[in-house]
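Have a look at the model first.

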Amino acid sequence: MGIDLSKGQQISLEKPGGGTLSVVRMGLGWQAAPRKGLLARMTAKEIDLDASAVLFAGSAAVDVVFFQQLVSKDGSVRHTGDNLVGGAGQGGDDESIVVDLARVPALVDQIVFTVNSFTGQTFAEVKNAFCRLIDESNGQELARYTLSGGGKYTAQVMAKVHRSASGWSMSAIGEPADGRTFQDLLPAIASHL
């Protein structure tokens, strides 16, 4: 059973009983919120959220994985593909980014995961959004961060995995931001490095 993370909470990626995780997957899921109002149909509008992973060496971005570059230059981080409509939001992942922690270059000490609305819809139009970390070796969910509260922003700095002398850890960030792509989010990310 995974841990439900709160904003700012951190967990170690050490395995119970010792050892470290080798390959993890950051999954993102969401659903479009139903439209409201007298003339609106009670159907949900499709929402195109995009997951990205920005690799940092200190405070310098050295690589990125997103819908237009599905694999990092060294091959250690891989996006499984762009979902243009969402819909899982109830436990399954709409987009995933797989990180082979053992292959991440030594100079990379942080990988920040973001989500943005490429089409510009706000999170007020999204429901059941989450990110979760899964041990790829056995499919076990390790941690989940649930986005709550909607809001009039178009992006969020969701979480990061970071390396220290004692190994890798994950931190839930949950910082609202505005932007259509990861590039727009770099100023918001900077305060979490």
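Start with the open sheet: 6 strands in the order 2-12-11-8-4-5, paired antiparallel. Strands here are DSSP E runs of at least two residues, helices are H or I runs of at least four, and both are numbered from the N terminus; two strands pair if DSSP finds at least two bridges between them. Strand 2 (10-12) and strand 5 (60-65) sit at the edges with a single partner strand each, so one side of each has no neighbour in the sheet. On average, neighbouring strands of this sheet are turned by 20° against each other, direction ignored (axes are lines fitted to C-alpha atoms, for helices over the stretch in contact, with angles from 0 to 180 degrees between N-to-C directions).

This is a predicted model, in which local features need pLDDT of at least 70 and side-chain atom pairs count only at pLDDT 80 or more, while totals for chains, interfaces and linings use all residues. Residues are numbered from 1 along each chain as its sequence is written, and side-chain values use heavy atoms, leaving out hydrogens and water.

Now for a hairpin: strand 9 and strand 10 have 4 residues between them, and Gly-139 in the turn has a positive phi of about 75°. The two strands run antiparallel, joined by 6 bridges, with Arg-132 partnered by Arg-144 in strand 10. Strand 9 (residues 126-135) has 8 of its 10 residues buried, meaning under 20% relative accessible area with a 1.4 Å probe, protein chains only.

Conventions. Buried means under 20% relative accessible area, exposed over 50%, partly exposed in between (1.4 Å probe, protein chains only).
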